[in-house]
Amino acid sequence: MSMVIAVYPGTFDPLTRGHEDLVRRAAGLFSKLVVGVADSRAKKPFFTMDERITIAREVLGHYPNVEVAGFRGLLKDFVREQHARVIVRGLRAVSDFEYEFQMAGMNARLNPAVETVFLMASDRHQFISSRFVKEIGRLGGDVGHFVSARVAAHLRDRFAMERRNGGEARLMQTFKPEPAPPDE
């Protein structure tokens, strides 16, 4: 049987038990699984891309066939760079399906040689979302049921920094706006 490489892309902001469960299951299906941590500035992540990569490596490092890598730009390019033939996506609820279906169609159009495989979230993880985890943590709730102890520690540290700074603890990244196009 030939080696099949799959990419599981996402922002993983933060990496949840649901993400971990999908990684565990996908790692059993493919020769190699690359967890692709997307830059995704449009989503304004809570953790920087480098932090999210570090956290994912801490949590997922015990899987021998799983690698973690960051990427910017189009997923199709990252998949090609990884020599992958499969994109793994998770579905929690029917509400995820429409977006994921459209994304799979666009990816198939951009690179017909790559298949998208959907894995349903386990019933005990269907309700977990990174957005809810951050909100619960920000309000002082216990996120230990939704994320690993390592992720919970990173969240506690970041929320403590937020409280000390009187607000957002988002690290400012250097941003250089592109020059405006000349008027025509």
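Let's start in the sheet: β4 and β5 run parallel and are joined by six bridges. One of the residues involved is V86, whose bridge partner in β5 is E115. Keep in mind as you look around that this is a predicted model.

Now step back to take in the whole sheet. Strands in a sheet pair through backbone hydrogen bonds, and the pairing can be parallel or antiparallel. Here, five strands make an open sheet with parallel pairing, and reading across it gives the order β3-β2-β1-β4-β5. The two edges belong to β3 and β5 (115–120), which have a single partner strand each, so one side of each has no neighbour in the sheet. Going from one strand to the next, the twist averages 30°.

How enclosed is β4? Five of its six residues are buried, so the rest of the structure largely encloses this strand.

Move along to the β3 end of the sheet. There, six bridges link β2 and β3 in the parallel sense, with L33 standing opposite V66 in β3. Setting aside neighbours within four places in sequence, L33 is in contact with A6, V7, Y8, V23, A26, A27, N65, V66, E67 and V88.

Helix α4 (residues 94–110) lies across β4 and β5, running at about 170° to β4. Over at β2 and β3 you'll find α2 lying across the pair, at about 175° to β3.

Which residues of α2 are buried? They are M49, R52, I53, I55, A56, V59 and L60. If you look down the axis of α2, these buried residues fall within an arc of 165°, so they line one face of the helix. As for what they pack against, that would be α1 (17–27), β2 (32–38), β3 (66–71) and α6 (149–165).

That brings us to the inside of the structure. The largest nonpolar core has 36 residues, and the ones touching the most other members are V23, L33, L60, V66, V88, V147 and L155. At least two residues of this core come from each of β1 (5–10), α1, β2, α2, β3, β4 (86–91) and α6. The largest share is from α2, with six residues. There is also a second, separate core of twelve residues, with V7, V34, A69 and F78 among them.

Where does G28 sit? Look in the loop between α1 and β2. Is G28 buried or exposed? Its relative accessible area is 65%, and exposed means over 50%, so G28 counts as exposed.

Definitions and conventions:
Residues are numbered from 1 along each chain as its sequence is written. This is a predicted model: local features need pLDDT of at least 70, side-chain atom pairs count only at pLDDT 80 or more; totals for chains, interfaces and linings use all residues. Side-chain values use heavy atoms; hydrogens and water are left out. Buried means under 20% relative accessible area, exposed over 50%, partly exposed in between (1.4 Å probe, protein chains only). Helices (H or I, at least four residues) and strands (E, at least two) are DSSP runs, numbered from the N terminus. The arc is that of the directions from the helix axis to the C-beta atoms. Contact means heavy atoms within 4.5 Å. A nonpolar core is a set of buried Ala, Val, Leu, Ile, Met, Phe, Trp, Tyr and Cys residues joined through side-chain atoms within 4.5 Å. Two strands pair if DSSP finds at least two bridges between them. Axes are lines fitted to C-alpha atoms, for helices over the stretch in contact, and angles run from 0 to 180 degrees between N-to-C directions.
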